[in-house]
Amino acid sequence: MSHQSAKDFFRPLAVGAPAPLREIPARPSRAIHFFDPSNEKMAAKIPGMVGTVDVLLGNLEDAVKADNKVAAREGLVKIAQSTDFGPTQLWTRINALDSPWVLDDLTTLVPAIGEKLDVIMVPKVQGAEDIHYVDRLLAQLEAKAGISRPILIHAILETARGVANVEEICGASPRMQGLSLGPADLAADRKMKTTRVGGGHPGYLVREDPPRDANGDTRVDAQRAVFQQDLWHYTIAKMVDACAMHGIYPYYGPFGDIADVVACEDQFRNAFLLGCVGTWSLHPKQIAIANKVFSPSVEDIAHARRVVAAMGDGTGAVMIDGKMEDDASLKQCLVLVALAEQLAEIDPELKAAYDAIPDSEVDA
Ligand code: GLV
Ligand code: MG
(Lines give C-alpha, C1' and ligand atoms only; values in the text may rest on other atoms or scores of the structure.)
(Ligands and ions follow the chains in the order given, each with its own letter.)
Protein backbone atom coordinates (compact mmCIF):
# COMPACT_ATOMS: atom_id res chain seq x y z
CA MET A 1 0.00 0.00 0.00
CA SER A 2 1.54 3.28 -1.10
CA HIS A 3 1.28 6.31 1.17
CA GLN A 4 1.83 8.73 -1.66
CA SER A 5 -0.81 11.42 -2.06
CA ALA A 6 -2.91 11.10 -5.19
CA LYS A 7 -1.82 14.65 -6.03
CA ASP A 8 1.81 13.55 -6.21
CA PHE A 9 1.18 10.86 -8.75
CA PHE A 10 1.53 13.25 -11.68
CA ARG A 11 4.53 15.15 -10.33
CA PRO A 12 7.81 14.45 -12.15
CA LEU A 13 10.09 12.12 -10.16
CA ALA A 14 13.15 14.32 -10.77
CA VAL A 15 13.59 18.08 -10.88
CA GLY A 16 13.51 19.09 -14.54
CA ALA A 17 11.96 15.87 -15.84
CA PRO A 18 8.98 16.26 -18.19
CA ALA A 19 5.52 16.22 -16.61
CA PRO A 20 3.88 12.77 -16.62
CA LEU A 21 1.05 12.26 -19.11
CA ARG A 22 -2.47 12.09 -17.70
CA GLU A 23 -3.66 9.86 -20.51
CA ILE A 24 -1.80 7.39 -22.68
CA PRO A 25 -2.42 8.34 -26.30
CA ALA A 26 -4.10 5.60 -28.35
CA ARG A 27 -1.50 5.40 -31.09
CA PRO A 28 -1.96 2.55 -33.54
CA SER A 29 0.35 -0.30 -32.60
CA ARG A 30 -1.05 -3.36 -34.33
CA ALA A 31 2.37 -4.86 -34.97
CA ILE A 32 5.44 -4.29 -32.83
CA HIS A 33 8.16 -5.50 -35.17
CA PHE A 34 11.24 -6.82 -33.37
CA PHE A 35 14.70 -6.38 -34.85
CA ASP A 36 18.18 -7.15 -33.55
CA PRO A 37 20.22 -3.95 -33.90
CA SER A 38 23.46 -5.96 -33.69
CA ASN A 39 22.55 -7.79 -36.88
CA GLU A 40 23.83 -5.48 -39.61
CA LYS A 41 21.79 -7.06 -42.36
CA MET A 42 18.62 -6.66 -40.33
CA ALA A 43 19.54 -3.16 -39.18
CA ALA A 44 20.12 -1.99 -42.75
CA LYS A 45 16.50 -2.82 -43.58
CA ILE A 46 15.01 -0.72 -40.76
CA PRO A 47 14.94 2.73 -42.42
CA GLY A 48 13.09 1.16 -45.37
CA MET A 49 10.46 -0.27 -43.00
CA VAL A 50 9.42 3.14 -41.67
CA GLY A 51 5.77 3.68 -42.57
CA THR A 52 5.15 -0.02 -43.26
CA VAL A 53 4.60 -1.03 -39.64
CA ASP A 54 3.14 0.78 -36.64
CA VAL A 55 6.04 0.10 -34.25
CA LEU A 56 9.70 -0.78 -34.81
CA LEU A 57 11.34 -2.26 -31.71
CA GLY A 58 15.10 -2.56 -31.24
CA ASN A 59 15.50 -5.67 -29.12
CA LEU A 60 18.37 -5.78 -26.66
CA GLU A 61 17.19 -8.70 -24.48
CA ASP A 62 16.62 -12.41 -25.20
CA ALA A 63 17.51 -13.54 -28.74
CA VAL A 64 20.56 -11.22 -28.64
CA LYS A 65 23.70 -13.17 -27.70
CA ALA A 66 25.63 -12.03 -24.62
CA ASP A 67 28.60 -11.17 -26.84
CA ASN A 68 26.39 -8.89 -28.95
CA LYS A 69 24.71 -6.92 -26.14
CA VAL A 70 26.93 -3.86 -26.55
CA ALA A 71 26.76 -4.01 -30.35
CA ALA A 72 22.95 -4.18 -30.15
CA ARG A 73 22.78 -1.15 -27.85
CA GLU A 74 25.18 0.85 -30.00
CA GLY A 75 23.49 -0.33 -33.18
CA LEU A 76 20.16 0.94 -31.90
CA VAL A 77 21.66 4.35 -31.07
CA LYS A 78 23.11 4.58 -34.59
CA ILE A 79 19.88 3.54 -36.33
CA ALA A 80 17.77 5.87 -34.20
CA GLN A 81 20.06 8.85 -34.73
CA SER A 82 20.23 8.39 -38.49
CA THR A 83 16.58 7.54 -39.20
CA ASP A 84 13.53 9.78 -39.48
CA PHE A 85 10.76 7.57 -38.11
CA GLY A 86 7.89 9.78 -39.33
CA PRO A 87 4.62 8.22 -38.18
CA THR A 88 6.28 4.99 -37.02
CA GLN A 89 6.92 4.59 -33.30
CA LEU A 90 10.34 3.55 -32.03
CA TRP A 91 10.40 1.22 -29.05
CA THR A 92 13.14 -0.80 -27.43
CA ARG A 93 13.19 -3.87 -25.22
CA ILE A 94 15.90 -3.41 -22.60
CA ASN A 95 17.59 -6.23 -20.73
CA ALA A 96 16.08 -7.60 -17.53
CA LEU A 97 16.44 -5.55 -14.36
CA ASP A 98 18.62 -8.24 -12.73
CA SER A 99 20.99 -8.46 -15.72
CA PRO A 100 24.46 -6.88 -15.96
CA TRP A 101 23.43 -4.90 -19.07
CA VAL A 102 20.30 -2.96 -18.13
CA LEU A 103 21.88 -0.01 -16.37
CA ASP A 104 24.08 0.73 -19.39
CA ASP A 105 21.08 0.20 -21.67
CA LEU A 106 19.17 2.99 -19.92
CA THR A 107 22.04 5.38 -19.27
CA THR A 108 23.15 5.09 -22.91
CA LEU A 109 19.79 5.16 -24.68
CA VAL A 110 18.06 8.01 -22.86
CA PRO A 111 20.72 10.71 -23.43
CA ALA A 112 21.53 9.51 -26.95
CA ILE A 113 18.06 8.85 -28.41
CA GLY A 114 15.57 9.62 -25.62
CA GLU A 115 13.78 12.18 -27.76
CA LYS A 116 13.08 9.52 -30.39
CA LEU A 117 12.21 6.60 -28.10
CA ASP A 118 8.48 6.37 -27.53
CA VAL A 119 8.27 3.32 -25.29
CA ILE A 120 10.68 1.16 -23.32
CA MET A 121 9.63 -2.45 -22.93
CA VAL A 122 10.76 -3.93 -19.61
CA PRO A 123 10.97 -7.73 -19.51
CA LYS A 124 10.30 -10.13 -16.64
CA VAL A 125 8.48 -7.56 -14.51
CA GLN A 126 7.53 -9.04 -11.13
CA GLY A 127 5.70 -6.26 -9.34
CA ALA A 128 5.18 -2.53 -8.94
CA GLU A 129 8.67 -2.17 -7.43
CA ASP A 130 10.23 -2.94 -10.82
CA ILE A 131 8.21 -0.19 -12.46
CA HIS A 132 9.04 2.27 -9.65
CA TYR A 133 12.75 1.63 -10.18
CA VAL A 134 12.60 2.29 -13.92
CA ASP A 135 10.22 5.23 -13.40
CA ARG A 136 12.61 7.13 -11.12
CA LEU A 137 15.69 6.29 -13.17
CA LEU A 138 14.00 7.46 -16.37
CA ALA A 139 12.98 10.73 -14.70
CA GLN A 140 16.56 11.36 -13.59
CA LEU A 141 17.95 10.57 -17.02
CA GLU A 142 15.30 12.61 -18.82
CA ALA A 143 15.97 15.59 -16.56
CA LYS A 144 19.71 15.36 -17.14
CA ALA A 145 19.31 15.00 -20.90
CA GLY A 146 16.56 17.63 -21.21
CA ILE A 147 14.07 15.23 -22.81
CA SER A 148 10.85 17.07 -23.69
CA ARG A 149 8.20 14.40 -23.03
CA PRO A 150 8.12 11.32 -20.83
CA ILE A 151 9.30 8.03 -22.27
CA LEU A 152 6.60 5.45 -21.61
CA ILE A 153 7.00 2.01 -20.04
CA HIS A 154 5.59 -1.24 -21.37
CA ALA A 155 5.91 -4.34 -19.16
CA ILE A 156 6.10 -7.92 -20.35
CA LEU A 157 3.89 -10.25 -18.35
CA GLU A 158 6.09 -13.32 -18.22
CA THR A 159 6.52 -14.40 -14.61
CA ALA A 160 4.02 -16.06 -12.30
CA ARG A 161 4.49 -13.25 -9.77
CA GLY A 162 3.98 -10.68 -12.50
CA VAL A 163 0.66 -12.27 -13.42
CA ALA A 164 -0.37 -12.34 -9.76
CA ASN A 165 0.57 -8.63 -9.46
CA VAL A 166 -0.74 -7.53 -12.84
CA GLU A 167 -3.10 -4.85 -11.51
CA GLU A 168 -0.49 -3.12 -9.33
CA ILE A 169 1.97 -3.24 -12.25
CA CYS A 170 -0.51 -1.48 -14.56
CA GLY A 171 -1.18 1.20 -11.96
CA ALA A 172 2.42 1.67 -10.78
CA SER A 173 3.23 4.80 -12.80
CA PRO A 174 1.62 7.31 -15.16
CA ARG A 175 4.28 6.11 -17.62
CA MET A 176 2.64 2.70 -17.97
CA GLN A 177 1.64 2.38 -21.63
CA GLY A 178 0.70 -1.29 -21.77
CA LEU A 179 1.50 -4.94 -21.25
CA SER A 180 2.46 -7.80 -23.53
CA LEU A 181 2.08 -11.47 -22.83
CA GLY A 182 5.44 -13.28 -22.79
CA PRO A 183 4.28 -16.87 -23.23
CA ALA A 184 7.75 -18.43 -23.51
CA ASP A 185 9.22 -17.08 -20.28
CA LEU A 186 5.88 -17.36 -18.53
CA ALA A 187 5.62 -21.06 -19.42
CA ALA A 188 9.11 -21.66 -18.02
CA ASP A 189 8.50 -19.63 -14.87
CA ARG A 190 5.21 -21.38 -14.17
CA LYS A 191 6.74 -24.77 -14.95
CA MET A 192 4.22 -25.42 -17.69
CA LYS A 193 5.25 -28.53 -19.64
CA THR A 194 5.42 -26.91 -23.08
CA THR A 195 8.47 -26.25 -25.25
CA ARG A 196 7.11 -23.58 -27.60
CA VAL A 197 7.06 -19.81 -28.02
CA GLY A 198 3.35 -19.03 -27.71
CA GLY A 199 0.49 -20.59 -29.62
CA GLY A 200 -1.48 -23.72 -28.83
CA HIS A 201 -0.56 -27.27 -27.92
CA PRO A 202 -2.23 -30.43 -29.29
CA GLY A 203 -2.19 -32.02 -25.83
CA TYR A 204 -4.30 -29.27 -24.25
CA LEU A 205 -7.78 -30.30 -25.33
CA VAL A 206 -11.25 -31.45 -24.46
CA ARG A 207 -12.84 -34.51 -26.07
CA GLU A 208 -16.37 -35.24 -27.15
CA ASP A 209 -18.28 -37.75 -24.94
CA PRO A 210 -17.98 -41.40 -26.02
CA PRO A 211 -20.85 -42.87 -28.05
CA ARG A 212 -22.78 -45.94 -26.80
CA ASP A 213 -23.08 -49.18 -28.70
CA ALA A 214 -26.31 -51.20 -29.25
CA ASN A 215 -26.03 -52.67 -25.74
CA GLY A 216 -25.83 -49.20 -24.22
CA ASP A 217 -22.13 -49.59 -23.33
CA THR A 218 -19.85 -46.60 -23.77
CA ARG A 219 -17.17 -47.00 -26.45
CA VAL A 220 -14.25 -44.96 -25.19
CA ASP A 221 -12.12 -46.23 -28.08
CA ALA A 222 -14.47 -44.78 -30.75
CA GLN A 223 -13.40 -41.89 -32.98
CA ARG A 224 -14.32 -38.72 -31.13
CA ALA A 225 -13.92 -35.07 -31.94
CA VAL A 226 -11.30 -33.23 -29.89
CA PHE A 227 -11.13 -29.50 -29.48
CA GLN A 228 -7.80 -27.88 -28.75
CA GLN A 229 -8.06 -25.24 -26.01
CA ASP A 230 -6.21 -21.96 -25.66
CA LEU A 231 -3.38 -22.20 -23.12
CA TRP A 232 -3.23 -18.40 -22.88
CA HIS A 233 -6.87 -17.56 -22.40
CA TYR A 234 -6.71 -17.03 -18.65
CA THR A 235 -3.63 -14.83 -18.72
CA ILE A 236 -4.74 -12.71 -21.67
CA ALA A 237 -8.16 -12.13 -20.15
CA LYS A 238 -6.60 -11.15 -16.82
CA MET A 239 -4.17 -8.82 -18.59
CA VAL A 240 -6.95 -7.18 -20.62
CA ASP A 241 -8.99 -6.43 -17.50
CA ALA A 242 -5.99 -4.98 -15.65
CA CYS A 243 -5.06 -2.79 -18.62
CA ALA A 244 -8.62 -1.57 -19.24
CA MET A 245 -8.99 -0.75 -15.55
CA HIS A 246 -5.89 1.46 -15.73
CA GLY A 247 -6.44 3.02 -19.18
CA ILE A 248 -3.44 1.30 -20.77
CA TYR A 249 -3.12 -1.15 -23.68
CA PRO A 250 -2.85 -4.96 -23.77
CA TYR A 251 -0.94 -6.88 -26.46
CA TYR A 252 -0.46 -10.52 -27.34
CA GLY A 253 3.27 -11.30 -27.75
CA PRO A 254 5.50 -13.63 -29.74
CA PHE A 255 4.24 -16.44 -31.96
CA GLY A 256 7.32 -18.54 -32.59
CA ASP A 257 6.12 -20.83 -35.38
CA ILE A 258 6.88 -18.40 -38.19
CA ALA A 259 5.89 -20.90 -40.91
CA ASP A 260 2.41 -21.52 -39.45
CA VAL A 261 0.81 -18.30 -40.60
CA VAL A 262 -2.66 -19.82 -40.15
CA ALA A 263 -2.36 -20.68 -36.44
CA CYS A 264 -0.57 -17.37 -35.90
CA GLU A 265 -3.56 -15.53 -37.34
CA ASP A 266 -5.90 -17.51 -35.05
CA GLN A 267 -3.85 -16.70 -31.95
CA PHE A 268 -3.69 -13.02 -32.88
CA ARG A 269 -7.44 -12.92 -33.57
CA ASN A 270 -8.28 -14.50 -30.22
CA ALA A 271 -6.27 -11.74 -28.56
CA PHE A 272 -7.96 -9.04 -30.69
CA LEU A 273 -11.44 -10.34 -29.85
CA LEU A 274 -10.58 -10.43 -26.14
CA GLY A 275 -9.49 -6.77 -26.20
CA CYS A 276 -5.82 -6.62 -27.21
CA VAL A 277 -4.77 -3.77 -29.51
CA GLY A 278 -1.75 -5.42 -31.12
CA THR A 279 0.93 -8.06 -31.02
CA TRP A 280 4.59 -8.70 -31.71
CA SER A 281 6.01 -9.50 -35.12
CA LEU A 282 9.12 -11.68 -35.20
CA HIS A 283 9.28 -11.88 -39.00
CA PRO A 284 8.14 -9.44 -41.70
CA LYS A 285 5.35 -11.83 -42.73
CA GLN A 286 3.76 -11.52 -39.29
CA ILE A 287 3.35 -7.75 -39.83
CA ALA A 288 0.74 -8.32 -42.52
CA ILE A 289 -1.09 -10.84 -40.32
CA ALA A 290 -1.13 -8.44 -37.37
CA ASN A 291 -2.25 -5.46 -39.47
CA LYS A 292 -5.12 -7.49 -40.87
CA VAL A 293 -6.22 -9.03 -37.58
CA PHE A 294 -5.94 -5.91 -35.40
CA SER A 295 -7.88 -3.71 -37.86
CA PRO A 296 -11.66 -4.07 -37.64
CA SER A 297 -13.03 -5.80 -40.75
CA VAL A 298 -15.08 -3.89 -43.33
CA GLU A 299 -18.05 -6.13 -42.43
CA ASP A 300 -17.77 -5.27 -38.73
CA ILE A 301 -17.53 -1.55 -39.48
CA ALA A 302 -20.51 -1.70 -41.87
CA HIS A 303 -22.54 -3.40 -39.15
CA ALA A 304 -21.28 -1.07 -36.41
CA ARG A 305 -22.25 2.00 -38.44
CA ARG A 306 -25.73 0.56 -39.00
CA VAL A 307 -26.17 0.08 -35.27
CA VAL A 308 -24.89 3.59 -34.54
CA ALA A 309 -27.24 5.10 -37.14
CA ALA A 310 -30.23 3.07 -35.92
CA MET A 311 -29.69 3.74 -32.22
CA GLY A 312 -30.01 7.53 -32.46
CA ASP A 313 -29.50 8.97 -28.99
CA GLY A 314 -28.37 5.57 -27.71
CA THR A 315 -31.38 4.81 -25.52
CA GLY A 316 -33.91 2.08 -26.08
CA ALA A 317 -33.52 -0.97 -28.29
CA VAL A 318 -33.82 -1.74 -32.03
CA MET A 319 -33.98 -4.95 -34.07
CA ILE A 320 -31.38 -5.35 -36.86
CA ASP A 321 -31.40 -8.57 -38.92
CA GLY A 322 -33.40 -10.28 -36.20
CA LYS A 323 -30.99 -9.30 -33.43
CA MET A 324 -31.65 -7.01 -30.50
CA GLU A 325 -29.32 -4.02 -30.24
CA ASP A 326 -29.25 -1.72 -27.25
CA ASP A 327 -27.01 0.68 -25.38
CA ALA A 328 -24.46 -2.06 -24.60
CA SER A 329 -24.11 -3.36 -28.16
CA LEU A 330 -23.98 0.27 -29.35
CA LYS A 331 -21.02 0.86 -27.02
CA GLN A 332 -19.23 -2.16 -28.51
CA CYS A 333 -19.89 -0.79 -31.98
CA LEU A 334 -18.52 2.61 -30.96
CA VAL A 335 -15.27 0.93 -29.82
CA LEU A 336 -14.86 -0.56 -33.30
CA VAL A 337 -15.83 2.65 -35.12
CA ALA A 338 -13.38 4.71 -33.04
CA LEU A 339 -10.58 2.22 -33.72
CA ALA A 340 -11.38 2.26 -37.45
CA GLU A 341 -11.18 6.06 -37.48
CA GLN A 342 -7.81 6.05 -35.74
CA LEU A 343 -6.39 3.43 -38.08
CA ALA A 344 -7.79 5.15 -41.18
CA GLU A 345 -5.74 8.23 -40.30
CA ILE A 346 -2.48 6.32 -40.72
CA ASP A 347 -3.45 3.57 -43.17
CA PRO A 348 -4.70 4.86 -46.55
CA GLU A 349 -5.66 1.37 -47.78
CA LEU A 350 -7.81 0.79 -44.75
CA LYS A 351 -9.32 4.28 -45.09
CA ALA A 352 -10.28 3.51 -48.69
CA ALA A 353 -11.87 0.21 -47.63
CA TYR A 354 -13.89 1.83 -44.82
CA ASP A 355 -14.84 4.81 -47.04
CA ALA A 356 -16.12 2.40 -49.69
CA ILE A 357 -18.78 0.99 -47.37
CA PRO A 358 -22.01 2.09 -49.08
CA ASP A 359 -24.37 4.30 -47.09
CA SER A 360 -27.22 1.94 -47.98
CA GLU A 361 -25.52 -0.70 -45.83
CA VAL A 362 -25.36 1.82 -43.05
CA ASP A 363 -28.94 3.05 -43.36
CA ALA A 364 -30.58 -0.27 -44.27
C1 GLV B 1 8.74 -13.14 -24.62
O2 GLV B 1 9.63 -12.46 -24.21
C3 GLV B 1 8.46 -14.44 -24.09
O4 GLV B 1 9.19 -14.85 -23.16
O5 GLV B 1 7.51 -15.07 -24.56
MG1 MG C 1 10.67 -13.38 -22.58
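Which residues line the largest cavity?

## The cavity

This is a predicted model. A search of the whole structure finds one cavity of 30 Å³ or more. The volume of the largest cavity is about 30 Å³. Its lining is made up of Thr194, Arg196, Val197, Gly198, Gly199, Gly200, Leu231 and Trp232. Three of the lining residues are nonpolar, four are polar and one is charged.

Rolling a probe the size of a water molecule over the atoms shows where empty space is left.

Helix H1 covers residues 40–49. Which of its residues are buried? They are Ala43, Ile46 and Met49. These residues lie on the same side of H1, because they cover an arc of only 110° around the axis. An α-helix has 3.6 residues a turn, so residues three or four places apart point the same way.

Now turn to the other side of H1. There, Glu40, Lys41, Ala44, Lys45 and Gly48 are exposed.

## The ends of H1

Which residue caps the N-terminal end of H1? Asparagine 39 does. One of its side-chain oxygens lies 3.1 Å from the backbone nitrogen of lysine 41.

Conventions: Residues are numbered from 1 along each chain as its sequence is written. Chains are lettered from A and ligands numbered from 1 in the order in which they are written. This is a predicted model: local features need pLDDT of at least 70, side-chain atom pairs count only at pLDDT 80 or more; totals for chains, interfaces and linings use all residues. Side-chain values use heavy atoms; hydrogens and water are left out. On a 1 Å grid over the protein atoms alone, a cavity is a set of points where a 1.4 Å probe fits but cannot get out, and a pocket is an open set with protein on both sides within 12 Å along at least five of seven lines; lining residues have an atom within 4 Å of a point. Grid points are joined across faces, edges and corners, and a volume is the space filled by probe spheres set on the points. Ala, Val, Leu, Ile, Met, Phe, Trp, Tyr, Cys and Pro count as nonpolar, Asp, Glu, Lys and Arg as charged, and the others, Gly among them, as polar. Buried means under 20% relative accessible area, exposed over 50%, partly exposed in between (1.4 Å probe, protein chains only). Helices (H or I, at least four residues) and strands (E, at least two) are DSSP runs, numbered from the N terminus. The arc is that of the directions from the helix axis to the C-beta atoms. A polar contact is a pair of N or O atoms within 3.5 Å; within protein, one must be able to donate a hydrogen and the other to accept it, and residues adjacent in sequence count only if both atoms are side-chain atoms.
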